[in-house]
Each structure stands twice: as structure tokens, then as C-alpha cells.
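Subject: The structure, and what I found in it

Hi there,

Here is the structure I promised to pass on. Please open it alongside this note, and then read on for what turned up.

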Amino acid sequence: MPDSSLPLFVQITGATGWLVFNRPDKQNAITQAMWRDIPRLLEQLDRDSQVRVIALRGAGGRAFSAGADIAEFDKLRSGADAGRNYDAANDAAFQALANAKKPTIAMINGFCLGGGLALALNCDLRLASRNASFAIPAARLGVGYAPRWVHQLVSIVGPAHAKEIFFSGKRFGAQRALAMGLINQMFDAEELETQTGQFMEQIAQNAPLTIRAIKAAIDACAFYGHDKAHLQHLAEACYDSADFIEGRRAFLQKRKPVFEGR
Ligand code: COA
């Protein structure tokens with residue numbers, strides 16, 4: 001059973017492993033302790049054989065997350081050394097998401113700002129409600145922004161949109177986010193959870209090894225250099241898998257395949 005009294009908790013529903021930001025009275029702002037917990041919890045979900053898709057959401061219906069907890073900045077993020085330290089914890093959380101082997105989805109139901117948006121950008125896909133709003137207010141707060149994080153936004157929306165987002169620091173809506181390619185799909189708020197659930201169900205029924213190999217190959221094109229031999233190995237492992245036998249048999253037998261990820 002998830003401990004929903006915690007500011008960050010894991011909840012497994014069917015084949016989906018949820019990571020839930022749970023500070024609704026603070027728009028799900030993320031404290032240093034939460035940043036530090038993210039890699040451990042994601043690793044737990046990535047290892048759990050019941051979980052086929054990892055998804056992030058904010059509790060309370062108003063925010064995915066309004067970013068890092070600004071109230072802690074005086075104590076924890078002031079000065080270059082402290083800033084570097086703080087960013088290392090953020091970066092470990094971003095890397096843990098980016099390195100997850102399973103597909104990752106951000107379900108965005110409201111404010112998705114700063115570090116909250118950076119987390120969403122480190123997911124494979126972003127599904128948002130029509131009333132979601134986005135911003136990276138770094139330039140409005142004087143916060144530094146690591147080049148790797150900039151690179152990632154540029155990979156997703158392109159340099160012109162990335163500059164617009166960073167230079168203005170202003171909030172923009174889901175329609176604009178969709179036009180930029182920042183989100184994959186937009187739904188009416190009351191539909192978001194059902195639509196996201198159905199989408200994840202579809203992914204969960206597909207062959208995990210194929211998805212893992214494709215995810216690694218796409219990330220290698222879009223983000224940073226990966227070892228090509230490793231990518232080749234991931235793709236070849238699909239041919240050796242029991243799932244590939246199951247997939248072609250199920251097709252010929254005109255039934256739905258049951259994949260096991262091996
Ligand atoms: N860090 C710390 N506290 C935050 C927060 C953050 N990133 N975002 C919201 N909160 C807190 C508010 O201070 C407020 O606390 P209080 O009730 O103790 O006063 C509470 O959450 C509710 O937010 P509030 O600002 O009253 O709601 P709103 O609907 O008027 O505005 C936002 C919502 C998200 C637009 C606004 O809170 C905001 O701009 N937050 C900061 C976003 C930001 O700059 N993030 C980048 C961090 S690097």
C-alpha cells in the first residue's frame with residue numbers, strides 16, 4: 001500500500017508504476033529531500049517486473065509540480081558551491097528518469113513549472129490537460145540552468161522555441177505546448193486520467209524488449225551519444241526472445257499476444 005502521507009510516493013496500478021508528487025498545498029513543489037528520493041523510487045519501479053510503464057503525476061488536481069521548493073533556496077541554493085550541490089541532486093533525479101529502461105510518461109494536470117517541467121522533459125512522453133500551464137522561470141528568479149538540461153529542451157522543441165521559453169520565463173498554455181511539440185497529446189481535464197490510462201495499457205501490452213531497444217536507439221539520436229554496440233545488442237536481443245516467438249505465433253493464431261519481457 002502506498003503511504004499517501006509522504007510528499008513523494010510510489011503507487012502500482014496494474015502494469016503502471018506511478019511516482020506521485022504529493023504536496024498539493026504547495027503546488028507539489030519539490031524539496032531537496034524529495035529530489036534525493038526520486039532516483040531510489042524510480043529504480044524500484046524500473047526493477048519491478050509487474051511494472052511495464054512508469055508514470056509521474058501530481059496530487060490534488062491543480063499542479064503536476066510548480067518546480068523546486070523556492071523556500072529552501074536561501075539555505076540550500078545560494079552561492080555557486082551550494083548551487084552546484086543543489087543541481088547535482090536535481091540532475092541525479094533527471095538522469096534516473098532519462099536512464100529508466102521502461103517507457104516513462106508525465107501526466108500533467110495543471111502547473112508544470114521549472115524543475116517540474118524539467119522532470120517532465122526527462123520522461124519519454126508528456127500527456128497534458130487542456131488547462132495545464134508551463135514555464136521555466138529561471139530567468140525570472142536568477143537561477144542558473146545546467147547546459148545538459150538546456151540541451152534536452154532544445155532536442156524536444158528546437159532552438160527557437162527553447163529560447164522563447166527561457167528568455168521570457170513566462171507561462172504558456174497546453175495548446176501552445178502542443179504546437180511546440182513539448183507535449184504529445186492534450187485532453188480535456190476530466191478525460192486526462194482515463195486517456196492516459198488507456199494509452200499506458202496499450203504500451204503495456206506491447207513487447208517490452210522491442211520498446212526498450214527502440215527507446216535506447218531514439219534517445220541516442222535525440223540526446224547524447226550511446227555506445228552503438230550496446231544499441232545493436234538490445235535490438236538483437238529481441239530476436240532471441242520468447243516474446244518474439246509469442247508475437248509471431250499470436251499473429252498467426254489470430255489472438256492477442258501475451259508478452260513477458262524475456
Ligand atoms: N516553491 C515553494 N513554494 C511554492 C512553489 C515553489 N516552487 N510554488 C508554489 N508554492 C507555494 C506558495 O508559496 C503558496 O504557499 P503558501 O500557501 O504557504 O503561501 C502555495 O504554494 C500555493 O501557491 P500560490 O502561489 O498561493 O498559488 P497561485 O494559484 O496563486 O499560483 C503558481 C500558483 C504556481 C503560479 C505560483 O505559486 C508560482 O508562481 N510558483 C512558483 C513557480 C516557480 O517559479 N517555479 C520555479 C522554481 S525554480
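Let's begin with strands S1 and S2: S1 covers residues 8-13, and six bridges join it to S2 in an antiparallel arrangement. Please keep in mind as you read that this is a predicted model.

**The strands around S2**

Two of the residue pairs between S1 and S2 are handy for finding your way. Val 10 sits opposite Leu 19 of S2, and Thr 13 faces Thr 16 of S2. The hairpin that these two strands make has two residues between the strands, and Gly 14 there has a positive phi near 60°.

S2 also pairs with strand S3, which spans residues 53-58; six bridges connect them, and here the strands run parallel. If you want a landmark for that pairing, Trp 18 has Ala 55 in S3 as its bridge partner.

How many of the six residues of S2 (residues 16-21) are buried? Six of the six are, so the strand is largely enclosed by the rest of the structure. That holds for both faces: Thr 16, Trp 18 and Val 20 point one way, Gly 17, Leu 19 and Phe 21 point the other way, and all are buried.

Elsewhere you will find an open sheet of four strands, in the order S4-S6-S8-S9, with mixed pairing. Strands S4 (63-65) and S9 (172-173) stand at the edges with a single partner strand each, so one side of each has no neighbour in the sheet. S9 is joined to S8 (residues 133-135) by two bridges, and this pair runs antiparallel. Within the pair, Ser 133 is opposite Gly 173 of S9.

**The ligand**

- Asp 25 places a backbone N or O atom 3.5 Å from an oxygen atom of the ligand.
- Lys 26 has a polar side-chain atom 2.5 Å from an oxygen atom of the ligand.
- Gln 27 has a polar side-chain atom 3.1 Å from an oxygen atom of the ligand.

On its own, the ligand has 860 Å² of accessible area, and the protein covers 60% of that.

**Two residues with positive phi**

Most residues other than glycine have a negative phi. Asn 28 has a positive one, near 55°. You will find Asn 28 in the loop between S2 and helix H1 (32-47). Is Asn 28 buried or exposed? Asn 28 is buried, at a relative accessible area of 0%.

Lys 254 also has a positive phi, near 50°. Lys 254 belongs to the segment after helix H12 (242-252). With 79% relative accessibility, Lys 254 counts as exposed.

**Helices**

Helix H3 runs over residues 80-99, 20 residues in total. From its first C-alpha to its last it reaches 27 Å, close to the 28 Å expected at 1.5 Å a residue. Its buried residues are Gly 83, Tyr 86, Asp 87, Ala 89, Asn 90, Ala 93, Phe 94, Ala 96 and Leu 97.

Ala 207 has 15% relative accessibility; buried means under 20%, so Ala 207 counts as buried. Ala 207 and Ala 135 are 72 residues apart along the chain, and their C-alpha atoms are separated by 35 Å.

Last, have a look at helix H11 (residues 228-239), which contains Gln 232. Its relative accessible area is 45%, so Gln 232 is partly exposed. Gln 232 and Ala 213 are 19 residues apart in sequence, with 8.4 Å between their C-alpha atoms.

Happy browsing, and do write back with any questions.

Best wishes

Key. Residues numbered from 1 in each chain as written. Predicted model: local features only at pLDDT ≥ 70, side-chain atom pairs only at ≥ 80, totals over all residues. Heavy atoms only, no water. Pairing = 2+ DSSP bridges. Polar contact = N/O pair within 3.5 Å; in protein donor to acceptor, adjacent residues only side chain to side chain. Areas by Shrake-Rupley, 256 points an atom, 1.4 Å probe, with all protein chains shown as cover. Expected span 1.5 Å × (residues − 1). Buried < 20%, exposed > 50% of the residue type's maximum accessible area, 1.4 Å probe, protein only.
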